[in-house]
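Biologist: I would like to learn how to read a model with two chains, one feature at a time. Could you take me through it slowly, giving the general idea before each case?

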Amino acid sequence: MPRSMWSGSLSFGLVNVPVVMVTAVRDLDLHFRQLHEKDGAPIEVQRWCSKEDVEVPFEEIARAFEFDDGSHVIVSDEELEAIEPRRTRTIEIEQFVELAEVDPIYFDHPYYLLPAGSDDGSARAYRLLADVMARTNRAALGRFVMRAKEYLAIVRSYDGALMLSTMLFADEVRDSEDVENAAQKSHKPPAQQVKAAVAVIEELSGRWEPSEWKDRYRRRLQDVVSRKRKGKTIKAPEPRETEPAEATDLMAALEQTLAEMRG
Amino acid sequence: MPRSIWNGTITFGLIAVPIKVHSATESHTVHFHQVHAEDGARIKQKRICSKEDREVPYKEVSMGYEVRGGEFVLLDKEEIDAAAGDRSRTIELEQFVDPTEVDPVFYDRTYYLGAGDDGQDAYRLLLDALKRAKRSGIGRWVFHNREYLVSVRAGDDLLVLHTMRFADELVRAEKLDIAKPSRKPGKRELDMAEQLVDSLEKNFRPASFKDSYRDRVAELIKRKAEGEEIELPEPEEVEAPDDLMAALEASLGNGRRKARR
């Protein structure tokens with residue numbers, strides 16, 4: 001069972017559901033430790049004062065905001081806590097939305113909410129909320145504070161449990177209109193080309209089966225580690241020389257693709 | 001819009017679409033530095049060799065993978081980079097899927113795509129075809145010496161790329177040991193809860209949610225800079241309702257009153 005990241009309650013009208021939050025993502029990355037190349041000894045990161053050139057113990061370290069002119073103010077944990085919203089241990093559901101209406105770009109980190117404690121009331125209120133959101137295909141939006149930051153969150157039923165994803169605020173999503181050279185009206189493709197491209201897409205279509213897609217990078221990294229352990233040397237592959245030729249004739253490329261696919 | 005962070009080609013079949021990748025998101029979190037409390041000087045981190053007790057320059061640092069307690073396999077940074085695979089500048093869309101089948105939990109970071117040089121026709125063709133076919137493409141992308149699974153979909157007027165999480169990275173809910181209630185919620189409770197959901201339903205308008213906490217942090221910094229003292233309040237406790245039905249009824253009463261106003 002993953003460690004709880006947050007505990008508090010989810011409030012839905014006057015119904016409060018005490019919950020704990022655990023991450024929904026497992027860290028399967030290979031982690032490396034920095035070692036000193038010549039003697040293989042682990043490297044320790046020490047915090048030093050840039051003025052006095054002495055090591056600084058943890059309790060003498062403070063958090064400071066630096067202004068453009070180089071001056072700064074120190075802000076304590078307690079002061080940051082003081083400006084958290086008053087109902088800081090509560091995720092108050094402010095509205096429900098249709099899940100499909102929320103662009104995936106807003107989803108950030110996923111967590112599960114679990115009923116807290118052992119009392120039956122929590123378990124029932126939790127189950128009611130999970131069931132009603134599954135039944136209506138709706139998701140709840142609310143806000144909460146975790147580790148000195150306020151998050152917008154979307155809570156929904158997933159896999160029989162309540163899943164909470166932190167969300168980006170609107171101003172953290174860039175305006176797609178500013179992207180250079182996105183679709184331009186003047187480059188509208190002929191209907192015949194679109195039809196052929198759709199045919200290619202349909203030939204390559206299948207069901208989304210997430211477990212069929214493996215993390216090849218992780219596997220290769222494990223392989224690099226085990227080969228190195230056996231004393232083999234590892235060589236980085238050269239970048240592939242042959243880049244796909246730019247199709248000057250889109251229609252010809254589409255037709256050739258379809259001909260090859262359909263044998 | 002800042003400059004692109006990667007240039008390359010998306011392929012599907014034999015069709016090549018030159019693209020430029022841009023970040024779609026930006027953080028506005030207020031950032032702090034670590035300082036030495038007594039003199040306010042910045043903290044700097046030093047890498048110290050635990051054997052020799054002296055500072056180690058970055059070029060003398062190797063990466064160690066711990067195979068058992070205290071025993072490391074030593075790798076150069078270049079050897080780790082080798083795992084990225086062939087560093088092609090191509091994202092081949094290997095499969096197309098119905099994007100409504102892909103749960104948003106699989107999407108990680110988002111990028112916007114612009115057309116690469118002379119790629120306007122091919123770009124627009126892929127965008128229009130994805131819209132028409134109601135599909136998104138799945139492929140692999142090597143970025144910063146790491147290979148990602150990605151999905152390329154049609155946004156309103158541009159191609160959008162998401163890096164994706166792998167299925168084995170997601171925790172299955174069934175592994176979580178979620179406490180079951182002695183009896184399930186009844187039909188009446190579900191119906192009332194559904195009415196409550198309906199009464200609170202609105203369209204999603206992202207801009208209506210502001211990061212007010214970020215503003216308060218900025219305000220706190222300003223007050224501190226002016227030498228003000230900050231007061232510290234007490235937290236409070238919350239309990240589950242003993243009577244779920246009564247709480248639902250009371251909430252619904254509330255919701256209706258609000259709606260009428």
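Biologist: To begin with the elements, how many helices and strands make up the secondary structure of chain A?

Modeller: Please keep in mind throughout that this is a predicted model. Chain A comes to five helices and eleven strands, while chain B has five helices and twelve strands.

Biologist: Which is chain A, a compact globule or something more spread out?

Modeller: One way to read this is to set the radius of gyration beside what a globule rule gives for the number of residues. For chain A the radius is 27 Å, well over the 18 Å that the rule gives for 263 residues, so chain A is more spread out than a compact globule. Its C-alpha trace spans about 65 × 60 × 50 Å along the principal axes. Chain B also has a radius of gyration of 27 Å, against the 18 Å that the rule gives for 261 residues, so chain B too is more spread out than a compact globule. The box filled by the C-alpha atoms of chain B is roughly 65 × 65 × 45 Å, again taken along the principal axes.

Biologist: What share of the contacts joins residues at least 24 apart in sequence?

Modeller: Here one leaves aside pairs that are close along the chain and asks about the rest. Among contacts in chain A between residues at least 6 apart, 60% join residues at least 24 apart; the corresponding share in chain B, for contacts with a separation of 6 or more, is 63%. As for burial, 37% of the 263 residues of chain A count as buried, and 39% of the 261 residues of chain B do.

Biologist: How many residues of each chain take part in the contact between them?

Modeller: The contact takes 153 residues from chain A and 159 from chain B. On the side of chain A, helix α2 (residues 120–136) gives the most, with twelve residues. Sorted by class, that side of chain A has 82 nonpolar, 27 polar and 44 charged residues. There is also pairing between strands of the two chains: strand β4 (residues 43–49) of chain A and strand β4 (residues 43–49) of chain B run antiparallel and are joined by seven bridges. Within that pairing, Q46(A) stands opposite K46(B).

Biologist: Which residues have the most contacts inside the largest nonpolar core?

Modeller: That core has 118 residues, and those with the most contacts inside it are L113(A), L129(A), L162(A), A197(A), L126(B) and L159(B). If you select L162(A) and leave out residues up to four places away in sequence, you will find that it touches Y112(A), L113(A), Y126(A), L129(A), A130(A), V155(A) and S157(A). A second, separate core has eleven residues, including Y217(A), Y65(B), L75(B) and A82(B).

Biologist: Is strand β8 of chain A mostly covered or mostly open, and which strands does it pair with?

Modeller: Strand β8 (residues 107–115) of chain A is mostly covered, with seven of its nine residues buried. Strand β2 (residues 15–23) of chain A pairs with β8(A) in the antiparallel sense over five bridges, and M21(A) stands opposite L113(A) there. Strand β11 (residues 161–167) of chain A is likewise antiparallel to β8(A), joined to it by five bridges, and in that pairing P110(A) stands opposite S165(A).

Biologist: Finally, which residues other than glycine have a positive phi, and where do they sit?

Modeller: Two to look at are in chain B. D118(B) has a positive phi of about 60° and is placed in the loop between β9 (107–115) and α2 (120–133) of chain B. Because D118(B) has 10 C-beta neighbours inside 10 Å, it counts as exposed. K134(B), with a positive phi near 50°, is found in the loop between α2 and β10 (136–143) of chain B. K134(B) has 13 C-beta neighbours inside 10 Å and therefore counts as partly exposed.

Terms used
Residues numbered from 1 in each chain as written. Chains lettered and ligands numbered in written order. Predicted model: local features only at pLDDT ≥ 70, side-chain atom pairs only at ≥ 80, totals over all residues. Helix = DSSP H or I, 4+ residues; strand = E, 2+ residues; numbered from the N terminus. Rg over C-alpha atoms; globule rule 2.2 N^0.38 Å. Buried ≥ 20, exposed ≤ 12 C-beta atoms within 10 Å, placed from the backbone. Contact = placed C-beta atoms within 7 Å. Nonpolar A, V, L, I, M, F, W, Y, C, P; charged D, E, K, R; others polar. Pairing = 2+ DSSP bridges. Core = buried A, V, L, I, M, F, W, Y, C linked by C-beta atoms within 7 Å.
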